[in-house]
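Please look at the sequence and the fold side by side before reading on.

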Amino acid sequence: MSVKNVRREAVILFTRIPEPGKTKTRMMPYLGPDECAGLHTCFLRDMSRQIRKSGADLFVCCTGSGGISGLKKICGRNAVYMEQRGSGLGDRMANAFRDVFSLGYEKAVLTGSDIPELSSEDIREALDSLDSHDAVTGPSADGGYYLIGMKVLHEALFENKDYGHSGVLENLEESACLAGISMCRVRRLQDMDTREDLAGFRQRMRSDRRLRSSRTGKYLAEKATVSVIVPVYNEEKTI
């Protein structure tokens, strides 16, 4: 691939290929397997659209057995597609950054695929913050992060890391401090993993026109089964 972006900026969308029964399984049985895959597809459509609006080149780094051809119909054929490789999540993320930087990009941001509220402004803020910092994160409500960006690969941020607990971001920032890596944050967003997360999204849709008009918002509005979800107020997700 030749580098097309004059700013040499890339966004890596880290995702599983949407397959019924294999994606967003924590939302079952409140959503059926096909509905979970459909919801994940909406996430990908919304996020890839916002990434393109940011002006950065889109890389889709995927895992799963569904085939990249189907993913191209979701995220667009003008993206670059590559498979995740590595023995664990940290290793896979580091390899994705390594592959993108090898193509000559000067800035790269990696984000998970379950953040349908991510906007092009969030992405631009993250990329622009790298003018004055070595790395950037986007914190998620569960104590982890949905986004990480840098100008060169900082392997210390991925080595010997455990994921899926409430201290993920804190541990990352400790590693950055010890390695002398300057780091900043963009706004906190909620990832969509559980029925409570969906209830919160539907609540925020009421006051956010962009969310109502998104693929995710329209999908949730159309699904009658989602009506069984009871909104949870003033409560953060725990893992």
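Helices (H or I, at least four residues) and strands (E, at least two residues) are DSSP runs, numbered from the N terminus. This is a predicted model, in which local features need a pLDDT of at least 70 and side-chain atom pairs count only at pLDDT 80 or more, while totals for chains, interfaces and linings use all residues. Residues are numbered from 1 along each chain as its sequence is written, and side-chain values use heavy atoms, with hydrogens and water left out.

Begin with the sheet, where two strands are said to pair if DSSP finds at least two bridges between them. It is an open sheet of 7 strands with mixed pairing, and the strands follow one another in the order β3-β2-β1-β4-β6-β5-β7. Because β3 (80–83) and β7 (183–185) stand at the edges, each has a single partner strand, and one side of each is left without a neighbour in the sheet. From one strand to the next the twist averages 20°; such angles run from 0 to 180 degrees between N-to-C directions, and the axes are lines fitted to C-alpha atoms, for helices over the stretch in contact. Inside the sheet, strand β4 (residues 107–112) and strand β6 (residues 145–150) run antiparallel and are joined by 4 bridges, and A108 has M150 in β6 as its bridge partner. Helix α5 (residues 168–178) packs on the sheet, where it touches β5 (135–139), β6 and β7, and its direction makes about 150° with that of β7; contact here means heavy atoms within 4.5 Å.

Now turn to the helices. Two packed helices are described by the angle between their axes and the distance between the axes. Helix α1 (residues 33–53) packs against helix α8 (residues 215–222) at an angle of about 155°, with the axes 8 Å apart. The two are therefore roughly antiparallel to each other, since angles under 35 degrees count as roughly parallel, over 145 as roughly antiparallel, 65 to 115 as roughly perpendicular and the rest as oblique. With helix α2 (residues 68–75), α1 makes an angle of about 60°, again with axes 8 Å apart, which means that α1 is oblique to α2. The residues that meet there are T41, L44, R45, S48 and R52 in α1 and L71, K73, I74 and C75 in α2.

C42 counts as buried, because its relative accessibility is 10% and buried means under 20% relative accessible area, with exposed over 50% and partly exposed in between (1.4 Å probe, protein chains only). Leaving aside residues up to four places away in sequence, C42 touches R215, T216 and Y219.

What remains is the loop between β1 (9–16) and α1, in which P29 lies. Most residues other than glycine have a negative phi, and most peptide bonds are trans. The peptide bond from M28 to P29, however, is cis, with omega near 10°. K24, found in the loop between β1 and α1, has a positive phi of about 50° although it is not a glycine. K24 is also buried, with a relative accessible area of 14%. The side chain of K24 makes a polar contact, at 3.1 Å, with the side chain of D193; a polar contact is a pair of N or O atoms within 3.5 Å, where within protein one must be able to donate a hydrogen and the other to accept it, and residues adjacent in sequence count only if both atoms are side-chain atoms. D193 itself lies in the loop between β7 and α6 (195–205).
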